[in-house]
Amino acid sequence: MIIGGGIVGCSVAYHLTKLGWKDVAVLERKTLTCGTTWHAAGLVGQLRSTANITKLAQYTSKLYASLERETGQGTGFKQTGSIAVATNNERFEELKRGASMARVFDLEVELVTAQEMARMWPLANFKDVIGGVYLPGDGQTNPVDTTMALAKGAQMGGAQILKETKVTGILQKNGVVRGVSTDKGDIQAEFVVNCAGMWGRELGKMAGVNVPLHASEHFYFVTEPMDDLVADAPTLRDMGGYTYYKEDAGKLLVGAFEPVAKPWGMKGIPEDFSFDTLPDDQEHLLPIFEQAIHRIPKLEETGIQLFLNGPESFTPDDRYILGEAPELRNFFVLAGFNSIGIQSAGGAGKVLAEWIVKGHQPLDLWDVDIRRFVPFQGSPLYLHDRTVEGLGLLYAMHWPFRQFETSRLARKSPMHDRLEKLGACFGELAGWERANWFAPEGVEAKYIYSYGRQNWFDYSAEEHQAVRENVGLFDQTSFAKYLLQGRDAEAILNQVSANDLSVPVGKIVYTQWLNEQGGIEADLTINRIGEESFLIVTAAATEGRDFHWLQSYISENPAHAFLTNVSSGYAVVSVMGPRSRDLMTTLTDTNISNESFPFGTSQEIYIGYAKVRASRITYVGELGWEIYIPTEFSLSVYDRIIEAGKAFELRHAGYHALNSLRMEKGYRHWSHDITVDDTPIEAGLGFAVSFKKEGGFTGKDALLKQKEEGVKKRMVQFILDDPDPLMYHNEPIWRNDVMVGYITSGMFGHTLGHSIGMGYVNNENGATADFARSGNYEIEIACKRYSACASLQPTYDPKNERIRS
């Protein structure tokens with residue numbers, strides 16, 4: 001049962017029938033396309049921010065090109081290409097980095113000069129343009145006609161389209177969806193898909209599901225016919241001017257992504273809203289008009305035939321929402337497309353249909369996974385305030401480490417105000433305010449962005465070196481923390497985890513949770529704190545996802561095991577560095593020598609008046625402890641650590657330093673370096689897999705098969721020979737002049753003095769260790785290649801001598 005008859009809902013129905021399902025119905029409250037699809041501009045771009053989302057956009061383009069042949073319904077699709085222009089060096093750097101990324105994703109791309117662009121767009125003014133990027137595979141389509149073609153294709157496959165059918169409720173029992181209530185009666189269904197667009201949040205509420213999206217006013221205008229306009233000209237994007245330009249049947253369509261948007265629908269969307277538009281606001285768009293006239297001077301003397309203000313739905317992170325809702329089994333969501341619904345609908349509908357039919361996601365979809373959200377992000381005020389910023393960010397500079405400026409200060413650790421007074425510059429993740437770096441006295445704690453060394457680079461380097469050479473403190477309260485209790489807790493974890501959890505109380509186990517295909521669903525540590533109790537620690541970003549993964553397994557395999565999210569119950573302070581033991585010795589009477597407190601163990605100790613849990617574990621590659629403090633004791637413990645730390649020149653360190661430290665050590669980061677598309681064997685994490693434990697584990701058979709057959713990709717660490725360029729992610733990896741992969745994460749290694757990256761080296765004939773080590777490697781950054789050294793071992797302390805000292 002699919003709720004919503006826009007292009008997204010019709011795509012899901014179409015793809016379900018392609019997979020052989022006939023009992024499929026689309027419920028539409030009014031008529032097809034009447035919400036937001038009908039007024040979309042119809043752009044079909046292909047380059048997105050990650051490999052898999054780009055693949056989905058590429059599929060969309062191919063699908064739209066073939067629909068008319070299959071269904072007999074025209075779509076208006078044509079491949080006209082697109083041009084993006086740069087009027088300054090930073091924007092051109094961004095475009096060139098994007099061009100390098102496009103090559104990774106097998107997209108045809110060209111760097112073009114202002115003169116070359118002028119030949120494609122004679123009406124445009126390119127005098128201030130220093131360069132651009134041309135993507136010949138991009139195109140445009142008629143949104144209504146394309147939707148009708150998908151609907152017709154779905155009906156040809158057996159699906160029903162039920163118009164004028166309003167959903168009034170979601171039927172459920174024992175945590176599983178059972179169907180829907182409508183104004184025409186109840187309909188039973190094994191699966192329900194929320195494709196309700198800007199109604200998606202309200203529909204989610206009916207099911208008890210959090211769908212964080214909010215409508216925003218979105219503007220474009222269409223001119224009177226322009227004689228000199230080239231037919232089928234490429235879409236022209238001037239992101240620095242917040243505008244795009246599309247030839248439309250001899251007229252010019254000009255669209256805007258202004259920096260300060262206008263949220264809409266705060267009091268709900270009108271019941272009869274159908275093919276409706278919102279009032280004009282030419283004053284709001286005056287700066288956009290000025291930019292448009294600058295880029296297309298003839299606009300000053302051309303009349304406007306249509307001024308359209310139509311609502312679109314936006315999410316808190318400008319990425320759409322896809323997947324099974326963690327709150328309700330078999331209830332899926334595909335909504336919140338942030339004005340890229342037309343270009344995303346084909347691929348997104350395809351993978352959601354495959355997820356429903358196969359019972360698992362077909363590829364890594366974390367960027368858009370509904371489980372990335374946490375409950376507070378459904379707050380209407382939070383969504384309203386973020387939407388003001390979100391629309392404009394689509395065309396803003398996509399700086400490395402760029403932080404949202406709206407909807408901040410939602411989740412703060414108890415130490416937040418202390419850190420702020422010490423010069424912390426905070427970033428935001430899953431609502432958490434986290435210290436990314438510390439500004440020295442007299443320096444404003446504020447980002448100045450660039451693609452080069454940003455203003456915090458040297459300060460973070462000092463934090464990095466303090467941890468390497470002395471002792472540093474990190475506030476890691478944002479860790480997600482779960483407590484699993486019960487007599488079957490060990491058995492549950494041993495089945496879910498690749499590593500062996502049959503360990504003594506006080507032992508910490510690093511492990512992955514795998515799917516049946518051997519892909520990595522989670523990367524975390526599990527601390528056995530009692531015979532029937534385990535403390536599970538994972539990343540802040542995956543708090544909802546990892547909890548849902550384990551809880552789902554428990555629900556499907558009933559056992560005496562109880563999972564509780566205790567993230568808010570503990571603050572976490574990490575003390576890391578070669579002098580961390582010296583500092584800790586002054587804080588507790590517990591013997592913390594290497595013999596009494598070895599690496600990979602945890603103990604309850606006293607610091608001041610508080611009983612805390614100290615875990616000797618590290619993500620920075622140094623001796624150190626993570627200290628888990630009951631929240632109400634956290635400030636008193638923190639203050640004692642700071643006071644004692646004065647004698648050791650203890651230094652606060654932020655998450656940028658944490659990242660550079662972990663990169664030098666080769667520690668993987670889930671969602672960047674390891675995902676559901678990667679296995680522990682490919683990722684070099686075989687040491688964390690226990691093939692011999694009793695009862696096996698989920699994914700074991702797939703890993704054994706891979707061990708026998710060999711891998712076709714292998715994780716490798718790279719160091720650039722040139723100390724100046726910086727790697728971030730998605731930079732192509734070249735081996736002997738052949739592209740073999742891309743950088744999954746990169747950072748400057750301050751101890752090594754060069755930029756470091758990790759990425760998979762691919763070889764269809766076998767990515768053996770010898771293959772990965774040999775060859776001449778280069779990393780492409782902004783369309784220029786730089787020589788690099790490859791290593792299968794960590795570039796820092798490969799024997800782990802420091803962490804075990």
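The model is predicted. The protein chain contains 18 helices and 40 strands. Its C-alpha trace spans about 80 × 60 × 55 Å along the principal axes. How does the radius of gyration of the protein chain agree with that of a compact globule? For 805 residues, a compact globule would have a radius of gyration near 28 Å, and the chain has 27 Å, so the value agrees with that of a compact globule.

A helix pair comes next. Two packed helices are described by the angle between their axes and the distance between the axes. Helix α1 covers residues 7-18 and helix α2 covers residues 51-71. Their axes come within 14 Å and cross at roughly 75 degrees. Because angles of 65 to 115 degrees count as roughly perpendicular, α1 is roughly perpendicular to α2. On the α1 side of the contact are I7, Y14, H15 and K18. They meet Y59, L63, Y64, L67 and E70 of α2. By class, the residues of this contact comprise 6 nonpolar, 1 polar and 2 charged.

The second largest pocket has a volume of about 1300 Å³. Its lining is made of 47 residues. Which residues lie nearest the centre of this pocket? They are E324, H548, W549, S552 and E556. Helix α13 spans residues 543-556, and α13 supplies 10 residues, the largest share of the lining. Helix α8, residues 341-358, also supplies at least two lining residues. Sorted by class, the lining of the second largest pocket has 20 nonpolar, 17 polar and 10 charged residues.

Two positions in the backbone remain. L409 has a phi near 65 degrees, which is a positive value in a residue other than glycine. L409 sits in the loop between α9, residues 380-393, and β21, residues 411-412. N800 is another residue other than glycine with a positive phi, here near 60 degrees. Where in the chain is N800 found? N800 belongs to the segment after β40, the strand of residues 784-791.

Conventions:
Residues are numbered from 1 along each chain as its sequence is written. This is a predicted model: local features need pLDDT of at least 70, side-chain atom pairs count only at pLDDT 80 or more; totals for chains, interfaces and linings use all residues. Side-chain values use heavy atoms; hydrogens and water are left out. On a 1 Å grid over the protein atoms alone, a cavity is a set of points where a 1.4 Å probe fits but cannot get out, and a pocket is an open set with protein on both sides within 12 Å along at least five of seven lines; lining residues have an atom within 4 Å of a point. Grid points are joined across faces, edges and corners, and a volume is the space filled by probe spheres set on the points. Helices (H or I, at least four residues) and strands (E, at least two) are DSSP runs, numbered from the N terminus. Ala, Val, Leu, Ile, Met, Phe, Trp, Tyr, Cys and Pro count as nonpolar, Asp, Glu, Lys and Arg as charged, and the others, Gly among them, as polar. Axes are lines fitted to C-alpha atoms, for helices over the stretch in contact, and angles run from 0 to 180 degrees between N-to-C directions. Angles under 35 degrees count as roughly parallel, over 145 as roughly antiparallel, 65 to 115 as roughly perpendicular and the rest as oblique. Contact means heavy atoms within 4.5 Å. The radius of gyration is taken over C-alpha atoms; the globule rule is 2.2 Å times the number of residues to the power 0.38.
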